[in-house]
Amino acid sequence: MDTTVATTGTEGQVWGGGNEPLGASYGKLMMWFFILSDALTFSGFLAAYGFSRFKFIEEWPIADEVFNHFPFMHGTDAPMFYVALMTFILIGSSVTMVLAVDAGHYMNRKKVAFYLLLTIIGGLVFVGSQAWEWKNFINGEYGAVKTKGGKVLQFVDANGKRIALDAFVTVGARDVANQGNSEGIWFETSTVTTATYTLDEVKEAFANRSDLKIRTQVLTLNEKTGASEKTILSREASLAKLETDGVSVVEGANLVENEYGAPLFADFFFFITGFHGFHVFSGVIFNMIVFFNVLIGTYERRGSYEMVEKVGLYWHFVDLVWVFVFTFFYLV
Amino acid sequence: MADQTAHKLEIFRGLIKFKSNTQKIWGVLIFLSLVTIVEVALGYIKPNILNNHLLGLKYLNWIFIILTLVKAYYITWDFMHMRDEVSGLRRAVVWTSVFLITYLIAILLIEGEYIYQIYKNAAVSFDF
C-alpha cells in the first residue's frame, strides 16, 4: 500500500528519506514535526500567561465574571456554558474528522466528503462563536473607573453585586460643536469622548447613591469558604478612593485597558485565543482544499486518502490546544 | 498508510475493547464529553471543600489540570492515532514536549511568584 502513495518520489531511496524508520510516511512525519513545534509555541504563550497571572496573583480578574454571556439569554449570569458549548462543537468536529480519516481507509469517497463537510461546518461555527465571545469582551458590560496606578475600580450595589454605569450615571451636557464636510471633521469637543460618561459624572452619580460601594481588583481570602473574593471598600473609603485615585472611565476591554481588571488579562486573551482562532481558520481552509480534492477524485486517483489523515492531524491538534486554552482561561 | 487491522482497539489498558475503529471513536467521544461535563460542573459549583491548597494551587485547579491532561492523552492517542504509531515516533513527539514544557512552566511560574513577592514587599505601593 505504501509504495502506491506516489507523493514524494523518494520511495525506496534510503538516503532520500525513502525508507520509513518510524513507520510513518514523509508527509505525516513532517506534520508531526510541525505540530510539535507549534505545541511548544502555544505552551510558550500559556506559560507566559501563567507567569503574569502568578505575578498578579492577588488581582487577576475572575473568569466567571468576564465570560458569562449566552446567546439569546441576555442579562442572565451563565458563566462558562458558552465556552463549554464551543468545546463540544470543536470536539464534535474532531470526531467527524477522524471518521473521515477512517472512511478514507476504506476508500469510501462519499463518506469522506460528507464527514469533511461536517468538520468544516463545525470549524466555522467555532470561529463564529469566538468572534461573538470577543465582541462581548470588547464591549464590556458594567464599565469601571481607572486609577492613577492603572488599577480598576468597579461599582457594586448594597448586595455586593456589580452595577453597570448605565444603571446609575446620567450623561451630562456636552459642548459638542458639530462640523460638516466643509470642515473635514465630524465634531469638536473639549470633553473626553472615549467613554459614554465623564469621570465627573460618575463621581457625582456615585455621591448621590448612598447604597453604592466600590470593589477593587484586590482578591482577599474568604476565611469561611476558602474562596478568593474581590475586596469591597466601605462607603467612606469608596468615596475617598474615587476622589483621589480615579482618572478615567473604562468601558469594555482592549489592549491598553480592561474594565474587568488587569489589562494583561485582556492582552493574553486576545493574543492566545486570537492565535488559536487563526489556527482554526487556517484549518478550515486546509479542510476545504482537501474537501474539494476529495470531490474531484484526486485521492481516488492517487490511491490513498493520506492527505485527509495529514490535515486531520492538524485539525486534532487545534482541538488539543483548545482543551488547554479552555482550562487555563476559563476554569483555573 | 495504516491498514484497517493495524488499529489498536483497546482503551483504559484493555478494560474496554471496541469492535471497530468507528466504534472506538464514538466511545472516546463519550468519554471526552463526560470529562468536559465534570469540568464544567466543578467550575460552576466550585465546592468549598476543594479550596484548600496543595503545592501553591487549589485542589480544584489540580483536578482541572489533571482532567485536561487526560483529555489531551485521548485526543492524541485515539484521534491522532498515536496509539498505532511505533514507539520511536511516539517518544520523539511526547517526550520532547513533556520535558521542555515542564521546564518552561516551572521556571516561569517560579519567576512570576518571585516578582509577585517583590511587588508585595516593595517600599512603595503599586495600588494607587
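**View 1. Helix α1(B) and its length.** The expected span of a helix is 1.5 Å times one less than its number of residues, where helices (H or I, at least four residues) and strands (E, at least two) are DSSP runs, numbered from the N terminus. Just past the end of α1(B), B:Lys46 has a positive phi of about 50°.

A word on what you are looking at: this is a predicted model, in which local features need pLDDT of at least 70 and side-chain atom pairs count only at pLDDT 80 or more, while totals for chains, interfaces and linings use all residues. Residues are numbered from 1 along each chain as its sequence is written, and chains are lettered from A and ligands numbered from 1 in the order in which they are written.

**View 2. The buried residues of α1(B).** Here a residue is buried if 20 or more other C-beta atoms lie within 10 Å of its own, exposed if 12 or fewer, and partly exposed in between, with C-beta atoms placed from the backbone. Among the buried residues of α1(B) are B:Ile25, B:Val28, B:Leu29 and B:Leu32, and also B:Lys24 and B:Glu39. The buried residues of this helix pack against α3 and α10 of chain A, together with β1 (10-11) and α2 of chain B.

**View 3. Where chain A meets chain B.** Counting two residues as in contact if their C-beta atoms, placed from the backbone, lie within 7 Å, 52 residues of chain A touch 50 residues of chain B. On the chain A side, α1, α3 and α10 each supply at least two residues, and α1(A) has the largest share, 13 residues. That side divides into 29 nonpolar, 15 polar and eight charged residues, with Ala, Val, Leu, Ile, Met, Phe, Trp, Tyr, Cys and Pro taken as nonpolar, Asp, Glu, Lys and Arg as charged, and the others, Gly among them, as polar.

**View 4. The largest nonpolar core.** A nonpolar core is a set of buried Ala, Val, Leu, Ile, Met, Phe, Trp, Tyr and Cys residues joined through C-beta atoms within 7 Å. The largest one holds 72 residues, of which A:Val83, A:Ala100, A:Val112, A:Leu116 and A:Val308 touch the most other members. Helices of both chains each supply at least two residues, including α8 (263-295) of chain A and α2 (59-79) of chain B. The most comes from α10(A), with 17 residues. Leaving aside neighbours within four places in sequence, A:Leu116 is in contact with A:Ala100, A:Asn287, A:Val290, A:Phe291 and A:Val294. A second, separate core of 16 residues includes A:Phe155 and A:Ile214.

**View 5. Strand β5(A) and its partners.** Two strands pair if DSSP finds at least two bridges between them. Strand β5 (residues 213-221) of chain A runs antiparallel to β6 (residues 228-232) of chain A, joined by four bridges. A:Arg215 has A:Ile232 as its bridge partner in β6(A), and A:Leu219 stands opposite A:Lys230. The two strands form a hairpin with six residues between them, and A:Gly226 in the turn has a positive phi of about 85°. Strand β2 (residues 152-156) of chain A also pairs with β5(A) in the antiparallel sense, over three bridges, and there A:Gln154 stands opposite A:Arg215.
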